[in-house]
Amino acid sequence: IISTMQMTNMDNDHIPKYSVNGEPVLDNFYCEECLYPELHQDGEVIIKTLYLSVDPALRCRMNESTGVDYIGPWEVGKPVSGFGGVGKVVESRNASYTPGDLVETATGWPWKSYYSVVLDEGSDLRKMDTALLGGRITLPLTVLGLIGLTSYLGVMEKGHINQDGNQTMVVSGAAGACGSLAGQIGRLLGCSRVVGICGSEEKCQFLTRDLSFDAAINYKKGDITEELKKSCPNGVDIYFDNVGGDISDTVISQMNPNSHVILCGQIAVYNKDVPYPPPIPTHTETILQKNNITRERFLVLNYQEKFTEAMQQLAQWVLQGQLKYRETIAEGIEKAGEAFVSMMRGGNIGKQLVHVADP
Ligand code: NDP
């Protein structure tokens, strides 16, 4: 998959407009055939891609400056790279890897059907223990990967859940990958009421029927202020914020004194030219200060020393069926760009993935 027009959006006359402001569109990507890779040196392997992870943070790679120091922008006309992927080693000049080994990483996977890479001590690629995963090879891209870690560590580190506190948690972006897990984790850790905000009736049903959220609010329909009041009669104690913008201002206006915002993401402004985290309106800032509400930025990569323990907890929950997850899977590598565009517009329930090939 190639990036065609970095920072590009098409206007009504289909003329490319270069702007940080603008929704990603299908024309930002194209798929082309290329040569199968070759092994050139010792330590190198060829990997066949099986699944790709599609993530909102990739939007910042479409800007000339990503705004963060740990990832660079995509280059126009060059193959794009995402974060997570799962694949199979098909050729190897590396003594530690045998053809057939399944591998995964969350930190950099080219959107190619096959690629070659030198695997050394510094590599982030890990062999997968499929038996441990119960054969579910996408788990490292969902619950047992950065998505699960973000949800769990976000709640643990910034949520301040008090098991006997009768607390109400609200989650925005609730039917997405992180949101759907965060709400369930809030409940598992002791919240007495969990309410989700999302963008469709189908998503609301998924939350209340499949994941046992106490209530779900479709922000595209009705009055969120009134719906929140009804769904959270005792106010909001913990807010897992995936979206920012007006939705978050509304939730914050109903938060209790000494409550906590988990600042996970702000997708409502990813298509806008604002710094991260974006400035919040003065009246929201006043509410935060007056009510002593914490709102600290959370970045999962800052908690790497806690990953092993967190993974153990997540694995126990998911393998025992206490933590449910859903995937929205696009079929074929040529659909990767489309899957990204769709996810940014709310087309996914649970984690958006691309299925590229079977093992
Ligand atoms: P999701 O699976 O939640 O997909 C994105 C969802 O965002 C869409 O399905 C859509 O759902 C919603 N959305 C899109 N635009 C808007 C909008 N304008 N207003 C409200 N909702 C919108 O993605 P992830 O779970 O992967 O990511 C969720 C958030 O977590 C993102 O902000 C991401 O950047 C952040 N994140 C943060 C990490 C960290 O370390 N802090 C690590 C990983 C992710 P709907 O139909 O409900 O609108």
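This is a predicted model: local features need pLDDT of at least 70, side-chain atom pairs count only at pLDDT 80 or more; totals for chains, interfaces and linings use all residues.

Residues are numbered from 1 along each chain as its sequence is written, and side-chain values use heavy atoms, with hydrogens and water left out.

The ligand is surrounded by 27 residues, and the closest of them are C178, K203, Y219, Y270 and N348; a residue is counted here if one of its heavy atoms lies within 4 Å of the molecule. By the classes used here (Ala, Val, Leu, Ile, Met, Phe, Trp, Tyr, Cys and Pro as nonpolar, Asp, Glu, Lys and Arg as charged, and the others, Gly among them, as polar), this shell divides into 17 nonpolar residues, nine polar ones and one charged. Both domain 1 (2-139 + 325-355) and domain 2 (146-301) give at least three residues to the shell, the domain bounds being taken from an automatic or database domain assignment.

For C178, a backbone N or O atom lies 2.8 Å from a ligand oxygen atom, while for K203 an N or O atom in the side chain is 2.5 Å from an oxygen atom of the ligand. In N348, a polar side-chain atom lies 2.5 Å from an oxygen atom of the ligand. Of the 920 Å² of accessible area that the ligand has on its own, the protein covers 88%, as computed by the Shrake-Rupley method with a 1.4 Å probe. The elements that contribute two or more residues to the shell are α1 (146-158), α2 (177-188) and α8 (336-344), where helices (H or I, at least four residues) and strands (E, at least two) are DSSP runs numbered from the N terminus.

Turning to the backbone, the peptide bond from Y276 to P277 is cis, with omega near -10°, and P277 belongs to the loop between β16 (255-263) and α6 (282-290).

Which phi does H160 have, although it is not a glycine? The phi of H160 is positive, at about 50°, and this residue sits in the loop between α1 and β12 (168-172). H160 is partly exposed, with a relative accessible area of 45%, a class that lies between buried (under 20%) and exposed (over 50%), with a 1.4 Å probe and protein chains only. N292, likewise not a glycine, has a positive phi of about 50°; N292 is found in the loop between α6 and β17 (294-297) and is partly exposed, its relative accessible area being 49%.

Technical notes
A polar contact is a pair of N or O atoms within 3.5 Å; within protein, one must be able to donate a hydrogen and the other to accept it, and residues adjacent in sequence count only if both atoms are side-chain atoms.
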